[in-house]
Amino acid sequence: AVTSAHDQVARVRELISQEPAADGDKPATGWLQRMCRAAVRELPAMGVGISLNSKDSDPMTVAASSEASMLLDELQFTLGEGPCIDAYASRSPVLVPDLSAQASTRWPGYAPAAQEHGVRAVFAFPLQIGAVRLGALDVYRDHTGSMSTDALSRALTFAEVAMHRL
């Protein structure tokens with residue numbers, strides 16, 4: 001059965017509403033934290049993070065599914081390279097099914113550091129509507145391989161819902 005974009009957004013919102021609040025959730029970002037945890041359950045992922053980026057301030061991670069995901073997101077800003085930075089800059093998804101293939105060329109600092117934390121694949125989706133872009137949603141996996149078309153569609157829906165919320 002083909003699901004409409006509206007139905008996909010409704011499903012993601014329902015998944016987020018079913019996600020319980022956690023002790024560490026901050027009032028301002030709690031909804032995004034729950035969204036990240038719902039995305040981990042819904043996507044083939046070990047972690048999900050949402051970062052904001054703008055010309056006016058330093059990039060920062062605003063929500064993540066876990067402390068480990070928060071660290072993986074923040075590593076990109078510390079090192080000045082990584083999938084969410086590239087997704088934001090290019091305005092298009094950055095799909096890396098095998099992080100080891102990127103280690104020596106694209107992200108010589110980030111790729112090995114992420115691999116040390118068990119990441120084998122990473123997929124970053126820009127948070128944007130038209131000309132407005134705010135950051136990226138990162139999906140981390142502990143195994144190599146491409147995302148299925150269905151999983152990519154769901155990840156894009158999570159990015160769309162996050163953008164609307166922001």
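Begin by selecting helix α3, residues 67-79: its 13 residues reach 18 Å from the first C-alpha to the last, close to the 18 Å expected at 1.5 Å a residue. The expected span is 1.5 Å times one less than the number of residues. Helices (H or I, at least four residues) and strands (E, at least two) are DSSP runs, numbered from the N terminus.

The model is predicted: local features need pLDDT of at least 70, side-chain atom pairs count only at pLDDT 80 or more, and totals for chains, interfaces and linings use all residues. Residues are numbered from 1 along each chain as its sequence is written, and side-chain values use heavy atoms, with hydrogens and water left out.

**Around α3**

Within α3, highlight Ser69, Leu72, Asp73, Leu75, Gln76 and Phe77, which are its buried residues. Buried denotes under 20% relative accessible area, exposed over 50%, and partly exposed in between (1.4 Å probe, protein chains only). Next display β1 (47-52), β2 (60-64), α4 (83-90), α5 (110-116) and β5 (132-141), which are among the elements covering these buried residues. Then step to Gly80, which follows α3 and has a positive phi, near 75 degrees.

**Helix α2**

Select α2, residues 30-42. Helix α2 also has 13 residues and reaches 18 Å between its first and last C-alpha, close to the 18 Å expected at 1.5 Å a residue. Most of α2 is covered, with 10 of its 13 residues buried. The buried set consists of Gly30, Trp31, Leu32, Gln33, Met35, Cys36, Arg37, Ala38, Ala39 and Glu42. These residues pack against α1, β1, β2, α3, β5 and α6.

**α1 against α2**

Axes are lines fitted to C-alpha atoms, for helices over the stretch in contact, and angles run from 0 to 180 degrees between N-to-C directions. The two helices α1 and α2 are therefore roughly perpendicular; angles under 35 degrees count as roughly parallel, over 145 as roughly antiparallel, 65 to 115 as roughly perpendicular and the rest as oblique.

Show the side chains at this crossing: Arg11, Leu15 and Ile16 of α1 meet Trp31, Arg34, Met35, Ala38, Arg41 and Glu42 of α2. By class, the contact of α1 with α2 comprises five nonpolar, no polar and four charged residues. Here Ala, Val, Leu, Ile, Met, Phe, Trp, Tyr, Cys and Pro count as nonpolar, Asp, Glu, Lys and Arg as charged, and the others, Gly among them, as polar.

Centre the view on Ile16, which lies in α1 and, at 0% relative accessibility, counts as buried. Beyond its neighbours within four places in sequence, Ile16 is in contact (heavy atoms within 4.5 Å) with Trp31, Arg34, Met35, Ala38 and Val161.

**Helix α6**

Now select α6, residues 149-165, which packs with α1 at an angle of about 70 degrees, the axes being 9 Å apart. That makes α1 roughly perpendicular to α6. Gln8, Val9, Val12, Arg13, Leu15 and Ile16 of α1 form the contact with Ser153, Thr157, Phe158, Glu160, Val161 and His164 of α6. This contact of α1 with α6 divides into six nonpolar, four polar and two charged residues.

Finally, show α2 with α6: they pack at an angle of about 175 degrees, with axes 11 Å apart. Helices α2 and α6 are therefore roughly antiparallel. Trp31, Leu32, Met35, Ala38, Ala39 and Glu42 of α2 make the contact with Arg154, Phe158, Val161, Ala162 and Arg165 of α6.
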